[in-house]
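Student: I am new to this one. Could you show me the structure, and then I will ask about it?

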Amino acid sequence: MNYFWIQLVLIVGAVTLAFMFIRRWDAANTRAWKRIAFSVFVIANIYAILRPSDVTWVAHKLGVGRGTDLVLYVMVLAMGFLTLNTFLRFRSLEKKLTDLARTVAINEGSRLNGERFDLDLPVSAPVKSNGA
């Protein structure tokens with residue numbers, strides 16, 4: 001059987017994902033281990049597309065019936081990692097936003113009270129939070 005067209009579409013998709021990710025490598029928040037893991041992921045995908053019988057062989061060696069099942073199990077783990085990573089990032093951003101809002105509120109409150117009571121208070125340094 002000839003799988004040329006589906007292999008071509010899948011490889012083009014994997015290369016497109018890699019290109020889009022590489023374009024974002026200038027972002028400081030992309031950690032090196034994430035870059036390496038994604039690169040290994042793309043290379044493994046391309047290899048699995050070109051040699052699906054090898055994936056079935058690895059699946060049999062690991063005690064999984066089919067290569068497709070192995071790929072599904074790995075994707076479930078990857079999705080769990082992605083979900084956890086996104087949750088932790090949002091939680092961190094929410095904490096930073098809360099700390100920023102508190103700092104702005106305290107500084108604005110001090111400034112407005114100083115104007116309201118016509119006090120000559122020195123400008124205070126920004127309040128630091130406990131977490132960062």
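Student: How many aromatic pairs does a search of the whole structure find?
Tutor: This is a predicted model, where local features need pLDDT of at least 70, side-chain atom pairs count only at pLDDT 80 or more, and totals for chains, interfaces and linings use all residues. Residues are numbered from 1 along each chain as its sequence is written, and side-chain values use heavy atoms, with hydrogens and water left out. Rings of Phe, Tyr and Trp (its six-membered ring) pair if their centres lie within 6.5 Å. On that rule, the number of aromatic pairs in the whole structure is 2.

Student: Which kind of pair do the rings of phenylalanine 4 and tryptophan 5 form?
Tutor: A pair of aromatic rings is described by the distance of the centres and the angle of the planes. Planes under 30 degrees apart count as stacked, over 60 as edge-to-face and the rest as tilted. Here the centres are 5.1 Å apart and the planes stand at 75 degrees, so the pair of phenylalanine 4 and tryptophan 5 is edge-to-face.

Student: Is tryptophan 5 buried or exposed?
Tutor: Buried means under 20% relative accessible area, exposed over 50%, and partly exposed in between (1.4 Å probe, protein chains only). Phenylalanine 4 has 43%, so phenylalanine 4 counts as partly exposed. Tryptophan 5 has a relative accessible area of 63%, so tryptophan 5 is exposed.

Student: Which kind of pair do phenylalanine 38 and phenylalanine 41 form?
Tutor: Both residues lie in helix H2, 3 residues apart, about one turn of the helix. Phenylalanine 38 is partly exposed at 22%, and phenylalanine 41 is partly exposed at 31%. Their ring centres are 6.2 Å apart and their planes at 40 degrees, so the pair is tilted.

Student: What pattern does the protein chain follow along the sequence?
Tutor: Helices (H or I, at least four residues) and strands (E, at least two) are DSSP runs, numbered from the N terminus. The protein chain has 4 helices and 0 strands. Read along the sequence, the pattern is α-α-α-α.

Student: How are H1 and H2 oriented to each other?
Tutor: Axes are lines fitted to C-alpha atoms, for helices over the stretch in contact, and angles run from 0 to 180 degrees between N-to-C directions. Helix H1 (residues 4-23) and helix H2 (residues 32-50) pack at about 170 degrees, with axes 9 Å apart. Angles under 35 degrees count as roughly parallel, over 145 as roughly antiparallel, 65 to 115 as roughly perpendicular and the rest as oblique. H1 and H2 are therefore roughly antiparallel.

Student: How do the residues of the contact of H1 with H2 divide?
Tutor: Contact means heavy atoms within 4.5 Å. The residues include Leu10 and Phe21 of H1 and Phe38 and Ile46 of H2. Ala, Val, Leu, Ile, Met, Phe, Trp, Tyr, Cys and Pro count as nonpolar, Asp, Glu, Lys and Arg as charged, and the others, Gly among them, as polar. The division is 12 nonpolar, 1 polar and 2 charged.

Student: Which residues of H3 make the contact with H4?
Tutor: The axes of helix H3 (residues 52-62) and helix H4 (residues 67-116) come within 7 Å and cross at roughly 75 degrees. That makes H3 roughly perpendicular to H4. H4 contributes Gly67, Leu70 and Val71, and H3 contributes Val55, Thr56, Val58, Ala59 and Leu62.

Student: What percentage of the residues of the protein chain count as buried?
Tutor: The protein chain has 132 residues. The share of them that counts as buried is 13%.
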